[in-house]
Amino acid sequence: MTQSPASAASLADTLALARRAREQGRPQEAAAAYARIADADPAHVEALSFLGMRALAENRAEQAVALYERVHALLPDDASALLQLGTALAAADRLEEAQRVLQDAIARTPELFVARLRLGQVLERRGDAHGALVQYYRAIIDAQNQGRWLNDATTHPNARAAVQRAMTFVDVERLRLFDDVIAPIRERYGRDELGRVERCLSVYLHLEPPEYADPRQQPKFLYFPGLPTHPFFPTELFPWVEAFEAETAAIRTEMLAALATDSGFEPFLGHHKPEDLRGLLHNERGAPAWNAFFFYRHGQPFEENRQRCPHTAAVLDSLPLARIRDHAPEICFSVLTAGSHILPHRGVTNTRAVVHLPLVVPGSNQCALVAGGEPHYWQEGRAMAFDDTFEHEAWNRGDSTRVIVLMDAWNPYLTEAERTALTELIAAIGDFNRETEQPPLTE
């Protein structure tokens, strides 16, 4: 049934009146006009949505549910309509239904951060503190990535209290989550042994500012306070280094055999278009190349490569390296072609030392790593260790390829208790980041 021109004109006038009253802050007048519109046109989404909003504001939750159910029926694939319905269901204490509807909204539009905020509220009311933490945290991250919830000016006045409460909840629950991880280790070693770990966690959670002993040192991920600080570690702090250096010739033989087949090697930074590598790699002579033959990456073994270099793999497995689920060790033959320059960058945490064993170094003083402004020229068979949270770069100015063993070790100034706690803590942080779909920790 079509409307007559007169009734259509009357509806348009009423809609204009409703919108004007809404814009001018006269909600009762707007609601009366929208009610007339909804009576004349039961499928008018704008009228139904406004009336649902007014019902919620006046604590008529079930009426809001009925109105938003009509909107959802008209717009079944619209995430915003699902958000409205889920909000109304929560206000009506129909929490299980609200959870299902809000999850549907997020599945359709994952970046809809308000839906995650509402879902966090529902999960908190249902007693699922961890589920609420995940949703609140993701809501905050997504909102701030879109320039919202950074301060009062970027937060809608009606949402400020809820957003502030969510942020407080996240601070408390993340601290509880990670402190529970190290609690058994604290019980085993004693609270005094984990004082620096607790400060490290507090800095990570932004509960206290980092106080860098050397301003050149700025980890991208995790800062551990109270450690002696310098770009290069004395190799005497690693009692296993001398035996490792003695294996240089045998390791080099396996490396050269692998290099000759030109298989098993891949770009250290991943496969990127040349333009994506600007600011990362450079070579004035042609295409830059930094390749790796991995034995471990993010703690995961590369079994085929290990089998191709069995002696090297056995030597590496005998070393007391950092081993953290899904994170460490990172071990490879690192290949830097002639003329290639790894541009200045920083590593993720000062809890580790990066160890190099040079296997093939072209020329004299042609290949160097510069950390904290201090150069180190590689020498074949002479291991070195450095703190990669200092800005560092590496270059090969020779005429042939440079190859080293690159691997993670613990910062030698950490105690056994601290290494044990960090092993569990970093793995737990990685688990939480995956659960909240944050980017992985990378070099």
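Is phenylalanine 293 buried or exposed, and what is its relative accessible area? Phenylalanine 293 is buried, at a relative accessible area of 0%, where buried denotes under 20%, exposed over 50% and partly exposed the range in between, for a 1.4 Å probe and protein chains only. The structure is a predicted model, in which local features need pLDDT of at least 70 and side-chain atom pairs count only at pLDDT 80 or more, while totals for chains, interfaces and linings use all residues. Residues are numbered from 1 along each chain as its sequence is written, and side-chain values use heavy atoms, with hydrogens and water left out.

The aromatic contacts are considered next. Across the whole structure, 21 aromatic pairs are found; rings of Phe, Tyr and Trp (its six-membered ring) pair if their centres lie within 6.5 Å, and planes under 30 degrees apart count as stacked, over 60 as edge-to-face and the rest as tilted. The pair of tyrosine 137 and phenylalanine 432 is edge-to-face, because the ring centres are 5.1 Å apart and the planes stand at 65 degrees. This pair links distant parts of the chain, 295 residues apart, with tyrosine 137 in helix H8 (residues 129-145) and phenylalanine 432 in helix H15; helices (H or I, at least four residues) and strands (E, at least two) are DSSP runs numbered from the N terminus. Tyrosine 137 is buried at 12% relative accessible area, and phenylalanine 432 is buried at 2%. The rings of phenylalanine 293 and phenylalanine 333 have centres 5.6 Å apart and planes at 25 degrees, so this pair is stacked. Phenylalanine 293 belongs to strand E4 (residues 290-297) and phenylalanine 333 to strand E6 (residues 331-336), so the pair ties together parts 40 residues apart in sequence. Phenylalanine 333 is likewise buried, with a relative accessible area of 0%. One aromatic cluster is formed by Tyr137, Phe178, Tyr204, Phe221 and Phe432.

The largest pocket holds about 930 Å³ of space. A pocket is an open set of points on a 1 Å grid over the protein atoms alone, where a 1.4 Å probe fits, with protein on both sides within 12 Å along at least five of seven lines, and lining residues have an atom within 4 Å of a point. The lining of the largest pocket comprises 26 residues, with Leu83, Thr87, Val114, Arg118 and Asn158 nearest its centre. Helices H3 (45-57), H5 (79-91) and H7 (113-125) each supply at least two lining residues, and the largest share, 7 residues, comes from H7.

Backbone geometry was also examined. Most residues other than glycine have a negative phi, and most peptide bonds are trans. Histidine 206, in the loop between helix H10 (195-204) and strand E1 (232-233), has a positive phi near 60 degrees and is exposed at 69% relative accessible area. Aspartate 262 has a positive phi of about 55 degrees and lies in the loop between helix H12 (248-261) and strand E2 (266-267). The peptide bond from alanine 328 to proline 329 is cis, with omega near 10 degrees.

Key. Grid points are joined across faces, edges and corners, and a volume is the space filled by probe spheres set on the points.
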